[in-house]
Amino acid sequence: MGEYTLPLLMILGLMCGIFTGYPVAFVLAGLGILFTFIADLPFLYLGSVVNRTFTGVIGNWLLLAVPLFVFMGLMLEKSGLAKNLLLSLERLFVGMRGGLAVSVALLGIVMAASTGIIGASVVMLAMLSLPVMMKQGYDKSLAVGTVCAAGTLGILIPPSIMLVLVGDILRISVGDLFTAAILPGLLLGVIYIGYIIAVAILQPHKAPVNVIEDDSGRLSVILQLVKDLIAPILLIMGVLGSIIAGIATPTEAAAVGAAGTILLAAINRTLNLDTLRSCVYETGKTSAMILFVAIGATCFSAIFKRIGGEDMIFDATTALGTGPYGTLIVLMLIIFILGFFLEWIEISYVVLPLFAPIVAALEFGLDMHSGERLVWFAILVAVNLQTSFLTPPFGYALFYLKGVAPPEISMKDIYGSILPFVLLQLVGLAFCLAFPSVILWLPRVLG
C-alpha cells in the first residue's frame, strides 16, 4: 500500500458520500471513524477527537457570535427597513437607465453590512425587486443576476458569519478579518454597479429607464433616503465600530446587533410573537447545521492529518514547482472547484486547516508578516467562496431565488444569468490576489 493511499481513499470517500445526498456532517464524521479502524489507529485516539470537539467547537466562546448574527439578519429582514430603503433608492435614480438594478446593488451592499445571512438577503431582494424589474421590462438575466450577486455580498462584507468561522479556524483576529474584508466587499459591489451601467449604455433594451410615479422634490427624496439610512448605519456602527475600536468582542457586538434589530422591528411596528418565533426557529436550524458540520469536520480533519493527509497535500503542492503565487493560484482553483459541490461551511472546516500551513510557509517577497499573510489568504478564500453560492449545480443563492421568483423565471434563466457575475467575482478575486494592499490597508491603518 502506497504512502498516501489512505488519504486518497478518504478524499474519494468524501466525494462519493457527498453525491449520495447523505448529510455532509455525518459523512465527515463517519469517514473519520471508519478510517480510524482501517488505518488501525488506537481506538483511544477517537477520545482525543471528542475532547477537541468540546474544546474547539462546543466550548468555543467565539462561535456564540454565529447564532446572534444569524438572528440579527433574520430580524432585520422582518423589520421592513430594507423595503423602505429600496423605495428611497429607486426614487433617487428615477429617470436613469438601469436605475432600479443599481438600487438593488446598492441595497445589497447596505444590507450586507447589516446582516450576514445569504438566504435572507437573496429572498428579500428577490421579493422586493424582481416583480418590479420584470414589470419595467428588464432583461431576465440582468435582473436575476443582479439580485443573486448583490444578495451574496453578505457572506463577505462584515459582519459576516463566514469570517467569524474562518477567524476561529485559522486562529486569527476576527476584528482584523472584518476590517480587511471591507474594501474587497465594496470593490465587488462597485464592479457589479459598473457592469450594470455598462449594460445600460451598450445594450439599453436590457436596462430600461427607471420610472416611478413620485411628485416629491429632489431634496425631499434625498432627505427620505438619509432618514432610511440612519437605522442601518447606526446598526453597522454599533456592531463593526465596537469590534474595530476594541470596545467589544465579536460575540458581544453580535449581541448588541441582535438587540438592536429587535428594537428596530419594534420601532417599525413589525415585532410580534410570530415574527420572534420564526426568527428563533430559523436561527436554531441554521446554527445547528453549522455546529454539526463543525463537529463532523473536526473528526474528519483529525484522522485525515493522522494518516498523512496534510503531508500529502503539502508534497503535492510543492511538487508542482509553480512558485509561491502559482501555488496560491492552484489552492484558489481547488477551492473554486470545490465550491461547485460543497457548501462554504464544509470547505472552511475541511480545507482551510490543510491549506493554511502551506500558505504560511510560502515566501511571496512582500512586506507582510505571517499573520498578515494569513489574513490576506483568509479574505481571498472568502471572496472565492462567495462564488460557491452562484455556481451550479449546488449554488444555494440560485435555489433561494427560485423559491420566490415570479413564475416566468425558470431555473434555466437563473443558471444563465449568473455567468457574467461569477466572472466579475473572479476579476475581483484576481485583483485582490495581485494587490494585497487592497486587503491589508485598513487593518494596518486601524491597527
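**Exercise 1. Classify Y325 by its relative accessibility in this predicted model, and determine which residue forms an aromatic pair with Y325.**

*Solution.*
Step 1. The relative accessibility of Y325 is 30%. Buried means under 20% and exposed over 50%, so Y325 counts as partly exposed.
Step 2. Eight aromatic pairs are present in the structure. One of them joins Y325 to W376, with 6.4 Å from centre to centre and 70° between the planes. Planes over 60 degrees apart count as edge-to-face, and the pair of Y325 and W376 is accordingly edge-to-face.
Step 3. Y325 belongs to helix α15, whereas W376 belongs to helix α17 (residues 370-386). The pair therefore ties together parts that are 51 residues apart in sequence.
Step 4. W376 has a relative accessible area of 0% and is buried.

**Exercise 2. Describe the geometry of the aromatic pair formed by F431 and F435, and state how each residue is classified by accessibility.**

*Solution.*
Step 1. The ring centres of F431 and F435 are 4.9 Å apart, and the angle between the planes is 45°. This pair is tilted.
Step 2. F431 is partly exposed, its relative accessible area being 37%.
Step 3. F435 also counts as partly exposed, at 44% relative accessibility.

**Exercise 3. Compare the span of helix α15 with the expected value, and list which of its residues are buried.**

*Solution.*
Step 1. Helix α15 covers residues 323-338, which is 16 residues.
Step 2. From its first C-alpha to its last, α15 reaches 23 Å, close to the 22 Å expected at 1.5 Å a residue.
Step 3. The buried residues in α15 are G326, T327, L328, L331, M332, I335, F336 and L338.

**Exercise 4. Characterise the second largest pocket by its volume, its lining and the helices that contribute to the lining.**

*Solution.*
Step 1. The volume of the second largest pocket is about 420 Å³.
Step 2. The lining consists of 22 residues, of which I11, I313, I334, L338 and F355 are the closest to the centre of the pocket.
Step 3. At least two lining residues come from each of α1 (5-19), α13 (273-306), α14 (309-318), α15 and α16 (344-361). Helix α16 gives the most, with six residues.
Step 4. By residue class, the lining comprises 20 nonpolar residues, one polar and one charged.

**Exercise 5. Locate S437 and give its separation from V381.**

*Solution.*
Step 1. S437 lies in helix α21 (residues 437-446), and its relative accessibility of 45% makes S437 partly exposed.
Step 2. S437 and V381 are 56 residues apart along the chain, and their C-alpha atoms are separated by 16 Å.

How values were computed:
Residues numbered from 1 in each chain as written. Predicted model: local features only at pLDDT ≥ 70, side-chain atom pairs only at ≥ 80, totals over all residues. Heavy atoms only, no water. Helix = DSSP H or I, 4+ residues; strand = E, 2+ residues; numbered from the N terminus. Buried < 20%, exposed > 50% of the residue type's maximum accessible area, 1.4 Å probe, protein only. Expected span 1.5 Å × (residues − 1). Phe/Tyr/Trp six-rings, centres within 6.5 Å; stacked < 30°, edge-to-face > 60°. 1 Å grid on protein atoms, 1.4 Å probe; cavity = no way out; pocket = protein on both sides within 12 Å on 5 of 7 lines; lining within 4 Å. Points joined across faces, edges and corners; volume = space filled by probe spheres on them. Nonpolar A, V, L, I, M, F, W, Y, C, P; charged D, E, K, R; others polar.
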